[in-house]
Each structure stands twice: as C-alpha cells, then as structure tokens.
Amino acid sequence: MAGTDRAGSGGSGGPGGTGEPGGWLSLLGVRHHGPGSARAVRAALEAARPGVVLVEGPPEADALIPLAADEDMRPPVALLAHAVDEPGRSAFWPLAEFSPEWVAVRWALEHGVPARFIDLPAAHTLAWRVADEETGETTGEADEEVTGQGDGREEGDVPGAASLDVRGDPLAVLAAAAGHDDPERWWEDVIEHRGPGEGDVFAPFTALEEAMTALRETEEGGEGDTAHDRDLVREAYMRLQVRAARREFAEGVAVVCGAWHVPALRRRAAVAADRALVKGLPRTKVDMTWVPWTHRRLSRAGGYGAGIESPGWYGHLFAAVDRPVERWLTRVAGLLREEGRTVSPAHVIEAARLAGALAAIRGRPLAGLSETTDAVRAVLCDGSDVPLALVHDRLVVGDVLGEVPAGAPAVPLQRDLTRIQRRLRLRPEAAERELELDLRKETDTGRSRLLHRLRLLGVGWGEPTASRSTGTFRETWRLRWEPELSVRVAEAGVWGTTVLAAATARAEADAVTARGLAEVTALAERCLLAELPEALTPVMRILADRAALDTDVGHLAEALPALVRSLRYGDVRGTDTGALAEVAAGLAERVFVGLPAACAALDADAAEEMRRHVDSVHTAVGLLGDAPAPGHGDLRSRWRAVLRTLSARDAVPGIVRGRAVRLLLDDGELAPDEAARIMGLVLSPGTAPADAAAWIEGFVGGGSGGGMLLLHDERLLTLIDAWLTGVPADAFTDVLPLLRRTFSAYEPGVRRSVGELVRRGPEARGSVTTAGSGIPGFAAGLDTARADAVLPVIRLLLGRDPAPDDNDLVGVGT
Amino acid sequence: MSAGAVQTSGTEVLRPHAEHAFAAELAALAAQDDRPRPDRWRLSPWAVALYLRGGTLPDGTVITPKYVGPRRVVEVAVSTLATDRALLLLGLPGTAKTWVSEHLAAAVSGDSTLLVQGTAGTPEEAIRYGWNYARLLAHGPDRDALVPSPVMRAMAEGMTARVEELTRIPADVQDTLITILSEKTLPIPELGQEVQAVRGFNLIATANDRDRGVNELSSALRRRFNTVVLPLPESAEAEVDIVTRRVDQIGRSLDLPSAPDGTDEIRRVVTVFRELRDGMTSDGRTKVKSPSGTLSTAEAISVVTGGLALSAHFGDGVLRPGDVAAGVLGAVVRDPGTDRVVWQEYLETVVRERDGWQDFYRACREVSV
C-alpha cells in the first residue's frame, strides 16, 4: 500500500523521515479535472477517514473554503486571486464538479474535517509574474494568465507549453505512450479497471505514483528552466505544510495534489533545505474570491480556460451511475430530437452497438468519447459533421454555468471600477443627471471611455443622449446609478478583472455570437468609442468573415457607411484605424462585385431601396477614397466603373440607372453632352414609359438638387418635355404618380421656375439659350439694379465692411 | 454472372479484383489472424482494419496501405459490418469510395464481385431476382427458372454485397433494399418462397452526396445504414500529389506530353479548389464564399488534363495559367447567377493581391468577361 503510510505500518515512514511525529500520510495523486481521479479520491477519503484534507491550491483561499458548502454554490467555479493594488494581475483556479480537488473539499466539509490549501501562496506566484514581466522573460500573452488547476497548466509563463508537456499533463504523456488519445479513457482503462477489483481503493494511486516516479526520473536530468525551479520551490513549500499538518493531526493526513508532485512530496528532504528554498520569495498583497465559471471556459486552452476539451463528457462520466455510454447516447438522441432530427430508440441501440464494436477493434475495454462520437456520427447524424458540431457544443462541452453565493467577497472588477470612478471624479449617484463631455479634455475622454465600456458590459450607468452641440468632440450622457447595477458589475466579473479587460472580452464574445453584419459593424463602432484596441482586431476579423459570407449586397451596403463613420470617429480619437480601413475597403470591393448582379430583377420597392444603397455607398466611397487601404488601389475609380456598368445595363431598374448617371455627372465623370445623350436614349419611344419615369426619378428626383439641374441644362428639360408629350394616353396615368413624386419634392421656387420654362415652350426657350444671358427661365438679361439691391444684405451676412470693391461680390450672384 | 463465369488469371486482365491482386496479403493475414471472426468472415474485424490501413505482420509480411485517409473511417466501417449493419459510404467523386468498398468486401468475404452498379435505369430485378423466361415457359415457375441477383446470392451464401452509386438508382427501386436490410429476407411471392439471409450477409453501398440530380435516400432506407463520409484529402500537398499522379496516368493514355513545369499550375488549381470548397483561404485568414459546384479532386484532375491538352495542341506545350483558367471558371461557375459573383469576389479579394498570381489573375479576368 504505497499510497498510504499508516503510522507504524512498516519501515517506509513519512516524508519527514524517522522520528517525525504525527499521523499517517496518504498521498492521493490525481489528474486535475479527471472524473476518474475524483471518484477515486472520494473512495479513498471514505476508506481512510483522515483528520485533515490538504489540497493543492493557494492557501489564501482557506478562508473561502466554507463557502463551498453554501447551497448557492454551484460548480464550475473558480478561485480567483488578484493583486490588491492592481486587479488586472490575477490568477484563476477553476474547479468543476468532477475536479478531484472540489470533491476533496466537499468531502471534508461534509464530514466536519478541516481542509486546507497547501500550495505556494498566490502572493508569491503573482509576484513571480511581476518579476518575469520586468525581466521580459515571460511568454504570456496578457496580464491575466491562464491558471489551470495545479501543476503545469497553472503557470501561464511556462515557456513553450507544448501539447506533450510532461509536467503539464503527465497522464496524457503516459496515455499517449500507450497509444491512447484520451488520457481520461486511459485512466479508466488502465487504472480503474485493473487490479483486485473493488478491494483496494488505494491501488490506483499506488500504480500512478510508481509511474510518476519513473517519469520524473527520466525528466529530472537536464532541465533547469524557471518553471522547473519553481516547481521545486512549490514542492518544498508543500512538504513543509504536510509536515506541519502531520504534527498537528494525529488521526492522519490526506493530500490531494497533482500526480506529478507525489514523488516529490514523498521524498525525504531536510526541513532546513526546504525552508531555505521558500525563504525570501517576492510577494505582493493578494485578495481571493470565488467567481462563477462555465464549462465553455474550462474547455478553452487559452484565456482563462483549463484546457479540458470535453468538460460536459467528464461531468457525465462523473455523474452517471452506470452504463455511461448508453446514458450518453440517450442524451445525444434527446438533443437531436429537440433540434428536429428523427432519432428512434433503434438508432440509439445501433449507435451503442457500433460504439462497442469500435472499442473492441481499438482494443479498449469500454467505449469512450471518441468511440461514441464516431458512432453518433455514423448512425445518428448520417455521417455529417454538422449535427455533430451541435452535440459537441451542447453536450461534450456543455452550457453549464456556475454560481457563487452572494456572500463571496467582491470581485476585482468592482474594485477597479471604484478606483476609476475616483480617479475620474465620477460618483455613482442614484439621482439622474446630465453630463456634458468635451472629448478634447483628457478627463472627459476618460469618462466617455468608461461609460462606453460599461455599456458594452451591460452596466447601463450612462445613456448617451443627443448632444446639444453638433461638434464631433462633444458627447452628452444621462447618468443614473441604480442599485442593481452593482449586481450587473458582479455578473460582469466573469469577463475579466478590470473594466478594460472585461469590456474587451465581452466585445469579442459578442462579436462571435452577433447575428447580422450590421450588429458586428455597430459593435466595431462601440469598440472604437470605448477604445478597446485589442477587441477591435478580432471584431474586425469577424466582420471581414461575415462580409465575405454575406450574400446580400444590401447588408454590405448598409454596413459600409457605419464603418466609414467609425473610421472618422477613430480619427477624432486618435485611434489606429489601419485595420478598420482595410476591412472597409474590402467591404467596398465586395459591394462593387456584387452590386451589378444584385440590381437585376427588382420590383419598385426593392429598386428604391437599392437606389438608397447606391447613394450611401457613393458617399462612403467618397469619404473612404481619402485614405485608401494599401493594396486596394483607387476605390473611387473602381466605383465609377461600377456606376458605368449600372447605368448601361438594361436589366437594372430605371431608378438605379438614372441615379448612376446622375452621380457620374455630378462627379464630372460624364460630360453634360453624354448625359443628355443617355437621357435621350432612355426617353426614346422604345422604352416602357414606367421605366423611363423611374429613370427620371433616379436622375433628377428627390432632394438631390435635380430641379436646379433641369433649370441649368435646357436640353434635359426639353428631352423630358418631349418625352412626356409623347407618352400614350393609357400609359400616362401610370407614370403620373411617379412624376408627381419626382417633381413635388422640389422646392417651391424651383418647381415654379420649371413650370414657367415649360409654359414658355421650346421656341421661347431656344431664344433664351441663344441669348446666353445667364439662368434660363428668368429674364433675358441681367437686371443689375435688382442685383445691387441684394448687396447690402450679403455684406451684412458675410460681416464685411462696405468696401469699394463690389465686384467680387457681384460675382457671387451669378 | 453465374458462379461458372469465366475465370481469368490475374496477369491477363486489365484490372484484377482486389481479392486476386492482394491474394498473398489476404492469405498471410488469414494465417496469422487468431482473433475471433464473425460467422463466414474470412478475417477478424481487426485484421480487416489492418488490411485496409496497412502495417506489418508478426512474421514480417508487409501489408500495403489501401486507404490512407483518417483511421476513424476504416474503423467505423469495419465495426459497422461487424455489428451486422449495412454500410453507406458517402463522398465526393475521387474520395475512394468504390476502392474502399471493394477492398472491404474482398477482406471480409473474399469476394468483391457481388456488385450491383447503380444507374438511372437499374431495375428491381438487379436487386431482387429476374427470370429465365425460356425455362419459365418450358417448366413453369420454380427455383431453377429464377435468376438471382448479386444481393440475393450474397444473402444465400452469407457474403458481402455491394451497391455502387446508390443514389443514382430510382427511389422506388432503392426501397427494395428496405426489406432486405431490415427483415434480412427476400420474399419470392411468385413461388410462395423466400430467401433468408444467412449470417455473414451484409451490404456496402456507395453514393455521391453532393452531386446534382440524385435520388435522395428515403429516411426509411437511410435508417438502415450506418453512414461514413469519406473526407477529401486532408492537406493541399496530398491533394496535389493525387492530382499529379492521376494527370500523369491519364495523360499517358491520351498520349499527351508530360509537363514537367506544370506542377505550379496544378498546385494553383488545387489551391483554388480547396479554398473555394473550404470557404477559407489556405492561410486561414480570409473567408470566401463557396460556389454551388462540388469542386472535387476529380474535377481538379479533369481541369488540369484539359489544360494539358490545350497547351499541347494549341500552346507551347507548357502548362500556363491561360490553359487552366477557362477550365477553372467552368468548374467553379455552375450556376451563372450566384457562382459568377462568388468567383469574381474570389478573384478580386484573394487572387488579385497574391504574390506570383498576377498572370493567373489576368488570365481569369480575360475568360470571365
């Protein structure tokens, strides 16, 4: 029974060596988050009945252990340690229902046995990280490092933590050596199903300790890196704690720790040497609390995850009383039925049979996750990976969300918020008030940023309202701190420990789940406003992906103006908008490619909609053209080519064609003569009257100043006039509403002038044109007396002195 | 068709059956296979998997790999047959469906010839039984006048039957399989008899799931099968390899000159096909839309072969971007409405900016307009 040294049971003795006082020691080496380990630990604790349970974990959390028994506490949860003066510096120890550590703590609480964490205090581990960052030694990505449970995964700064990191997951290495891809299955196959049956609950731990001892012997040779050295320190600290506990509790000590550490804890080391190792470590002031966790986060290897790929499956293995495969397949069938697939019990039976046969072929005693997944794919999903992805997402990973009792200490996010509020002199007050911000001032920018970030986090402290000033550097907010906002802040604690980090994480998550393209664009805008440069990159990537897959040009065209607007905000706030410009240019390119095809076969409403899109894209391209992203050439000239295509294609609705011609004309791309020729072509008798009317609407309609164009260019009006008189009587009633809409939108003055021109008739107009005396439709010559009468007023408006040089003002009138 | 058909020796035939071509390997496997075998199986399921995956036997006999795709595919397929369920192999053209089915049948039953080739004109008799009308008229209806189908023979002898291109078979004929697969009997109402399948009978069907104009399986029939989708080649390298090898073979039979400098173009065609198929550029950074066509490896092969023919007969004998551009366009744009946009978007957003692809971009622009 190498797993336990009961007092006086033989010569092996405790790690303290002979003469060390105290009770027996039981070292339970586990696989972190392994349900098999968890079950074995529970059985071992039941059998051994120790006087104290020591668990690998930060000792600062000792005070929080009783909360684990709270009825509102639901795993998965995580212990969170963060530096008091710097909430962004933090570490997590996630615990799931099936984590051996959780099981051990719960067992201790249920049996009234004290439980303690014995790992090196987080005060030191966090301080180590500070030191690393200062020396630039770390390879970690962000302040908030991954902290898995216990060894290996816990240190985000392990250089090159590869998939086969022996320290990280020694069981995985052993399993891989034995040709198994799932360490948990290997554990079940090799350790749990072997040995003299139910008899010896310590047998698995004994076997594992032997294996670890062998592994460590091969490993210990060369390595001298930081991570390895720190392991030694941690193990020395743990040894000291174990020794102290043995002295204190005569009824026996059980230690639950990573299997990797067991040989080290077993080793006899001189107390003095251990003390010397843990002496003089850097430290920082640390606070701890429980935070809720999710299965999804457990499954993520990066970020805050623990790198478990299948927490849902593990949870199932742990919770299932018996026949895990059959129960699992039944759950899968239930899920698929909910999603509307026909799955009969016969399917489940066949899947179970196939899983069994696969396990036999692969030489395993029982079907595991990979066998059941293969069986589900072949039998329940018709070989398709699509429904399988659903099974993976909902069951293998799972939607489980942990809960933490209200009594848990405040999350660091709240502290960070309080600190920022104090710094920005922005008190949370229940009374509603309005806040005017001038973004040119630093404090106000900070406030705006904070409010935008909180809005992203769902903490609706401030609502932006319409600003009284029109400048882009002004913002108006309506502030009101409701008591439930504190709860919101606590909830937002899952996203991160600082407002910045939490808002960034939240924005990224929102981008992933966003439904439409417009939603992502809006999010990008908010990221800019809230100044989250780190979130902007993933949001932009998702935006680019969405844009690539969106087949509706309308969506793209709608998203483009918002994006271009964001670009301009970015300029105001001095953010780096290179990525944004790149995406906007890409979006524009996709619009260019898709637009001509999307304009075919539209009904009147859709055509009107499309005309609006063309207008908005035109404006956006105009703004974007100033700062073209590298590699995208001259967007404006390409846009003009698209407009030309649109204007020339018969399948495109008249209103869009007319608009395209008009935009080209306004840009000076099309000579007035050419425009007149095209118009003549469209209004020639071959065209259906309704289409021609729509073309006119597109060309001169709406508030686009089309009326003035008609007044200025006589020929165009003549063309319309001639066409209208030629429209057959029965078609006239059809085009009348359209024409009315076109011309009724003109300003009254313009409308009257157009009317007068038409009344005068083509001959009179012809004479006016030949006279060449200014605006047609007015008197033949320039009435200088009336023009002069306006001058004093204009002088007043421009704030000029009545200077003698009148001439330059006369020029304005013409 | 009957058992007494002409037996040709392996050396003369153009393409020997799997059980003849690999007779030595099968014999070696059978000799050293000490694991339990299901009734009438020539090998244990474990040995069948080894036969397909390749490996070395304890006595040093080398088993060549027949299928180099994911291990899971072979394991699921063999387990399915071992659990007495029918197996449906799905996949695009060129993913070795037929190849896998033939070798499975050869390894399990030692006979891969009990085959029904599915076409739009496959009649019910091909799956159930037909009549020898001369005998029927002369002697009246009896078992001797019956012409059994391959499926019927497989049932009677406990062998593995194969159905190729199941989805090409008209739906009503397909459904004949339902009784066979669920009841494991084939009634002969004309004689008031039935044929009951003996242990060891099973059926492997292959189908192309993304082709147009197929007869979808009824859900009743689908339920009788375990489905395994044969994936496309995992890496671009593997696909380039397959395309190059096949193009070389086809080219030789068509007397086309081999094009040593063509690998660049082959790589390009494979890259374009893969990217459009996966909906993502090969560097994984940009998403692209997928066209409606399947863009299988088989199509890549035909595009390259076509390009080779073009360059040999009308060009300078070197495969150039212009030779494959039209073929690529034809393969990608199946639906002129939507696919053209997809293709142009791909050209403008991906191809245009890629280093060394300018020639290809220009060639594609030329044929696209």
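Predicted model: local features only at pLDDT ≥ 70, side-chain atom pairs only at ≥ 80, totals over all residues.
Colleague: How many residues of chain B are in contact with chain A?

Modeller: Two residues are in contact if their C-beta atoms, placed from the backbone, lie within 7 Å. Here 29 residues of chain B contact 26 residues of chain A.

Colleague: Which element supplies the largest share of that side of chain B?

Modeller: Helices (H or I, at least four residues) and strands (E, at least two) are DSSP runs, numbered from the N terminus. H4(B) gives the largest share, 7 residues. Elements that each supply at least two residues include helix H3 (45-53), helix H4 (71-82) and helix H15 (336-351) of chain B.

Colleague: What is the make-up of this side by class?

Modeller: Ala, Val, Leu, Ile, Met, Phe, Trp, Tyr, Cys and Pro count as nonpolar, Asp, Glu, Lys and Arg as charged, and the others, Gly among them, as polar. The side of chain B that touches chain A has 11 nonpolar, 9 polar and 9 charged residues.

Colleague: At what angle do the axes of H2(B) and H3(B) cross?

Modeller: Axes are lines fitted to C-alpha atoms, for helices over the stretch in contact, and angles run from 0 to 180 degrees between N-to-C directions. The axes of helix H2 (residues 23-32) of chain B and H3(B) come within 10 Å and cross at roughly 150°. Glu25(B), Leu26(B) and Leu29(B) of H2(B) meet Ala47(B), Leu50(B) and Tyr51(B) of H3(B). That contact comprises 5 nonpolar residues, no polar residue and 1 charged residue.

Colleague: What is the strand order of the open sheet in chain B?

Modeller: Two strands pair if DSSP finds at least two bridges between them. The 5 strands follow the order S4-S7-S10-S3-S11 (chain B), with parallel pairing. At the edges are strand S4 (115-117) and S11 of chain B, each of which pairs on one side only. The twist averages 15° from one strand to the next. Within the sheet, strand S7 (residues 160-164) and strand S10 (residues 202-207) of chain B share 4 bridges, and Ala161(B) stands opposite Leu203(B) in S10(B).

Definitions and conventions. Residues numbered from 1 in each chain as written. Chains lettered and ligands numbered in written order.
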